[in-house]
Amino acid sequence: MRRRARRVIRRRPLSGSSARWSRKAHWRQFFVAPALIATLDAALAHNRDLRIALQRVESARSQTRIQQADLWPQITAGSTLERSRTPADLSPSGKVMAANTVQASVQARWELDLWGRVHNLEASALARWLASDEARRAVALTVVAEVAHTWLLGRDLDERIALARRTTASRRDSARIARRRYEVGAAPRLDMTQADTLLGQAESAVIALEQRRDETLHALALLVGRPVEDTVVPLSALDAVVVRDLPPGVPSDLLEQRPDIRAAESRLRAAEADIGVARAAFFPRIALTGSMGTASAALDGLFSPGSGAWTLAESILTPVFDAGRLHGALSDAKAQRAAAVADYERTVQGAFRDVADALAARHWLGRQVEAQNRTLAALTERARLSDLRYRNGAAPHLEVLEAQRDLFAIEQTLIETRRARLSSEVTLFTALGGGPDAPSAPPTPVFETPTGTTP
C-alpha cells in the first residue's frame, strides 16, 4: 500500500505593502485614548455576542474533526461471554447440552474514498470552520466599532452638557438682570419674559442631554458586558488624541482581509466541495471491514494456540434507482455554489462602497467642521455686539436673545459634527478590515490530512 501524501492547509499570508499595513491595522495601533483602549479591552473580554460567536467557531471545529476522522479506519475492540443450553429433544445427541463461548476481537472499517466523497466532506467542513472563524472576527470588529462610536457619543454628550450648563448659568444671570431692570422700571416686562423663556429652554436642553447620556452609558455597559466607569471626559479634551490618522496610499487589496470577504470566500469553497460530495454519490461506495480476535469455550483457553479467529469482508453499495434524488442533490449543490458566487461578489462590492462612503464622510465632515468654526466665530462676535447695542439702548432685547439662541445652537452642532468626524475615522478603519483578534480566539488553522487514493 502506497504511503499517502500529506497536505498542509493554512491561510495564505499577505505580501508586500498589504502585509506591512496589516501589522498596523490592529485597533491598538489605531486608537490612542487610554480610557477608550481600556473600554475596548473589557468589551472584547466580556461581550456576550462575541462569546456566542466563539462557541460557534468551536462547534464548527468539532464538525471538522468529525469529518477528518472518516479519512481513517474506524477501529473498535470488544469482547463477549456467552453461555447457552439446548434441551434434549432439540439436541442432536438426544441429551441436554450446555456450551460456553468466550470471544475477544478487534474490528476495523474503512471506506475507500475512490471518488473523493470523504475528502470533499472534510474540505467542506474545514471551509465552514474558517467561515465561522471569520464571522467571529466580524463580530469582534463590530464590537470594537460600536464601542468606539458609543464611547465617542458619551464624550460628545459630556461636552454638550457642560456647554448647556454654562449657557444655563449665563442665562440665569441675564434673567435676573432683566427681572431687576423690570422691577425698577428700566425695561419692559417683555424683556423679562423673553429672558425667562430662554432660560427655560437652556434648562430643558440640560435635562434632555442628561437623559441621553444615561441611555448612552447603559448602551455602552451592554456592549462591554459589565458596568463601565461613569467618567466625564469632554470631547474637546481629547479631540486630537482619540484616533491616529490612517496613512495615505493604503492598498486596495487590503480589503481581502475583511472578515466578511474572507468568510464569503470560505463559504464559496464549502459550496464547491459540496458539489464534489453530490457527484461522488453517483458512484459505488466501497468499504473494507475486518475483525481479528480469539474465541474459546472456556476463559482459560481464550489465548491458547489455535484459538485465533478472523474475518475480512468488502461491501459495495451502488445506487440503482432513487427517483431522481441524486440528480436533485447535485442540482441543489450547483445552485448553492452559484448563490455563494453571487454572495461573494456582493460582499466585495459592499466593501468598496463602505470604504468610499467612509472616505466621503471623513472628507465632507472635515469641511463641515471648518465651515462651522467660521460660523461660530461670526455668531460669537454677533452676540457680543448685540449685547453692547442693547446695553447702550441701540437695539431691543429680542436681538440679544436671538443672537444667544443662534450661538448656542451652532456650538451644539459643532460638537456633534466633530464627534461625527471622529466616528467617520473609526468607520473607515473598520471598512478597511482592521480590527481585533480576541485573545481567546482559536489559532490560524493548520491541519495535516491525508490526500490521494490508495491503488
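What you see is a predicted model, in which local features need pLDDT of at least 70 and side-chain atom pairs count only at pLDDT 80 or more, whereas totals for chains, interfaces and linings use all residues. Residues are numbered from 1 along each chain as its sequence is written, and side-chain values use heavy atoms, with hydrogens and water left out.

The secondary structure of the protein chain comes to 9 helices and 6 strands, where helices (H or I, at least four residues) and strands (E, at least two) are DSSP runs numbered from the N terminus. Of its 455 residues, 40% count as buried; buried here means under 20% relative accessible area, exposed means over 50%, and partly exposed is what falls in between, with a 1.4 Å probe and protein chains only. If we take contacts, meaning heavy atoms within 4.5 Å, between residues at least 6 apart in sequence, then 83% of them join residues at least 24 apart.

Let me turn to the interior. In soluble globular proteins, nonpolar side chains tend to be buried together. A nonpolar core, as I use the term, is a set of buried Ala, Val, Leu, Ile, Met, Phe, Trp, Tyr and Cys residues joined through side-chain atoms within 4.5 Å. Which members of the largest such core touch the most other members? In this core of 38 residues, they are W27, F31 and V426. At least two residues of this core come from each of helix 2 (27–30), helix 3 (34–46), helix 5 (117–183), helix 6 (189–224) and helix 9 (397–431), and helix 5 gives the largest share, 13 residues. Another core, of 9 residues, lies apart from it, and its members include L254, A358, L428 and L432.

Now to the packing of these helices, where axes are lines fitted to C-alpha atoms, for helices over the stretch in contact, and angles run from 0 to 180 degrees between N-to-C directions. As for the wording, angles under 35 degrees count as roughly parallel, over 145 as roughly antiparallel, 65 to 115 as roughly perpendicular, and the rest as oblique.

Helix 3 and helix 5 pack at an angle of about 140°, their axes being 10 Å apart, and these two helices are therefore oblique to each other. On the helix 3 side, A35, L36, T39, L40, A43 and L44 meet A140, V143, V144, V147, A148 and W151 of helix 5. The residues of that contact divide into 11 nonpolar, 1 polar and no charged, with Ala, Val, Leu, Ile, Met, Phe, Trp, Tyr, Cys and Pro counted as nonpolar, Asp, Glu, Lys and Arg as charged, and the others, Gly among them, as polar.

Helix 5 and helix 9, for their part, pack at about 170° with axes 10 Å apart, and are therefore roughly antiparallel to each other. By class, the contact of helix 5 with helix 9 has 11 nonpolar, 8 polar and 9 charged residues.

For helix 6 and helix 9, the angle is about 10° and the axes are 9 Å apart, so this pair is roughly parallel. Here D191, Q194, A195, L198, Q201, A205 and L209 in helix 6 meet H397, L398, L401, Q404, R405, F408 and Q412 in helix 9, and the contact divides into 7 nonpolar, 5 polar and 2 charged residues.

Finally, some single residues. T150, in helix 5, is buried with a relative accessible area of 12%, and, not counting residues up to four places away in sequence, T150 touches T216, A219, L220 and L223.

A187 belongs to the loop between helix 5 and helix 6. Is A187 buried or exposed? A187 is buried, with a relative accessible area of 8%, and, leaving aside neighbours within four places in sequence, is in contact with R181, Y182 and Y390.

A323 has a positive phi of about 60° although it is not a glycine, and at 63% relative accessibility A323 counts as exposed.
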